[in-house]
Amino acid sequence: MSNPFDLLGNDVEDADVVVLPPKEIVKSSTSSKKADVPPPSADPSKARKNRPRPSGNEGAIRDKASGRRNNKSKDVTDSAATKKPNTRKATDRHSRTGKTDTKKKVNQGWGDDKKELSAEKEAQADAAAEIAEDVEDAEDAAKAKTTQLSLQDYLNQQASNQFNKVPEAKKVELNAEKIEAAEKEAYAPATKVKNVKSKQLKTKEYLDFDATFVESNTRKNFGDRNNNNNNNSRNTTFNNRRGGRTVRKGSNNPNSANSASSANTVQKNRNIDVSNLPSLA
C-alpha cells in the first residue's frame, strides 16, 4: 500500500471534493509610507473623456510636443524662409495708424475759407487800435512831468489820508432810567433763594503774666560729693561680695532722691510764687 493511513478510513464523504489551500492572512499595515502601487482610482478606463484641457501657461507646460528641441527637429516651410520685400521707403515718416484729422479740426487750426473776409476785417480793426494806443503813449511821454512837491502840499496830502485822520469823539446820551431797568430785569428769576451761612471767625486770646527766672545752684560742696562717692563704693563692694547686683535706677538710694529734688528749681526756690505761673493742664 502506498498510503498506510487509508486503513484508518477517510472522513470525506465525496472523493471528488477539491480541498483549497489555506488563505494567507496579511495584517493591514499602519505605516504612513507611500506604497509603490498605483491607487485603485487611477484606472484609465474610468477617466472622463470630456475633461477640459488646461490652457494658457499651464497648458504650455504640460504640452510635451512643444519646446525648443521639438521645434528644431521640425522643417521650416519655404514661405517662412523667404524674406518679404519692404515696399515702404526709409524716409517715410507718415503715421501708419490710419487716423487723419477731421475737417473741423483742420479749419480750427488753419482757418476756414468761408470766414476769411471777416477775419481780415477784424485784423485791420485790431491794427488800427494798436496804432492809436501807441500814439497816445508817445504824447504822454512827451509831456514834462513835475516831480517836485512843496512842504505844505505834502503835509496837506498826509493830513487828508484816511489813516492819519483824527477820529471825532462821539456824543452818547446816557439814560439812567433805562440802565436801571436793564439791571433790574431778570431773564430767569430764581425759584429758591440759597441761605448762606456765616462762619464765626477765630480769635486769638493772649495771656499776660509776670515771670521771674532764677539760676539754680548746680555746684555742690566738695565734702558732700566725696562722702557720697565713698558710700557708693562701699555699697558696690558689699554687693559684689554677696553676689548681688549693683544699685539700679529707682532704688532706695538717698543720692537719687537728692538728684531728683535738685533738678526741680521751682519747688526748691521758695521766692517764686507758683500762682503766677501759667497752667499747663
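A: Buried means under 20% relative accessible area, exposed means over 50%, and partly exposed lies in between. The model is predicted. Of the 281 residues of the protein chain, 1% count as buried.

Q: What secondary structure does the protein chain have?
A: The protein chain has 10 helices and 0 strands. Along the sequence the pattern reads α-α-α-α-α-α-α-α-α-α.

Q: How much accessible surface does the protein chain have, and what share belongs to carbon and sulfur atoms?
A: The accessible surface comes to about 30,900 Å², and 51% of that belongs to carbon and sulfur atoms.

Q: What makes the contact of Glu58 and Arg62 a salt bridge?
A: A salt bridge needs a side-chain nitrogen of Lys or Arg within 4 Å of a carboxyl oxygen of Asp or Glu. For the side chains of Glu58 and Arg62 the N to O distance is 3.0 Å, so the pair meets the cut-off of 4 Å. A search of the whole structure finds 1 salt bridge.

Q: Where do Glu58 and Arg62 lie?
A: Both are in helix α1 (residues 56-62), 4 residues apart, which is about one turn of the helix.

Q: Why is Arg62 called exposed, and why is Glu58 called partly exposed?
A: Exposed requires over 50%. Arg62 has a relative accessibility of 56%, so Arg62 counts as exposed. Glu58 has a relative accessible area of 42%, which lies between 20% and 50%, so Glu58 is partly exposed.

Q: Which residues form the negative surface patch?
A: Glu122, Asp126, Glu130, Glu133, Asp134, Glu136, Asp137, Glu139 and Asp140 form this patch. Asp and Glu count as negative, so the patch is called negative.

Q: Which residues make the nonpolar surface patch?
A: Leu149, Leu151, Tyr154 and Leu155 make this patch of about 420 Å². Tyr154 belongs to helix α6 (residues 151-159).

Q: Where is confidence lowest and where is it highest?
A: Confidence is lowest in helix α9 (residues 254-263), with a mean of 51, and highest in α5, at 90. The mean pLDDT of the protein chain is 75, and 74% of its residues reach 70 or more.

Technical notes
Residues numbered from 1 in each chain as written. Predicted model: local features only at pLDDT ≥ 70, side-chain atom pairs only at ≥ 80, totals over all residues. Heavy atoms only, no water. Patch = residues over 30% accessible without salt bridge, like charges linked within 9 Å, V, L, I, M, F, W, Y side chains within 5 Å. Areas by Shrake-Rupley, 256 points an atom, 1.4 Å probe, with all protein chains shown as cover. Charge placed at Lys NZ, Arg CZ, Asp CG, Glu CD. Helix = DSSP H or I, 4+ residues; strand = E, 2+ residues; numbered from the N terminus. Buried < 20%, exposed > 50% of the residue type's maximum accessible area, 1.4 Å probe, protein only. pLDDT = per-residue confidence, 0-100.
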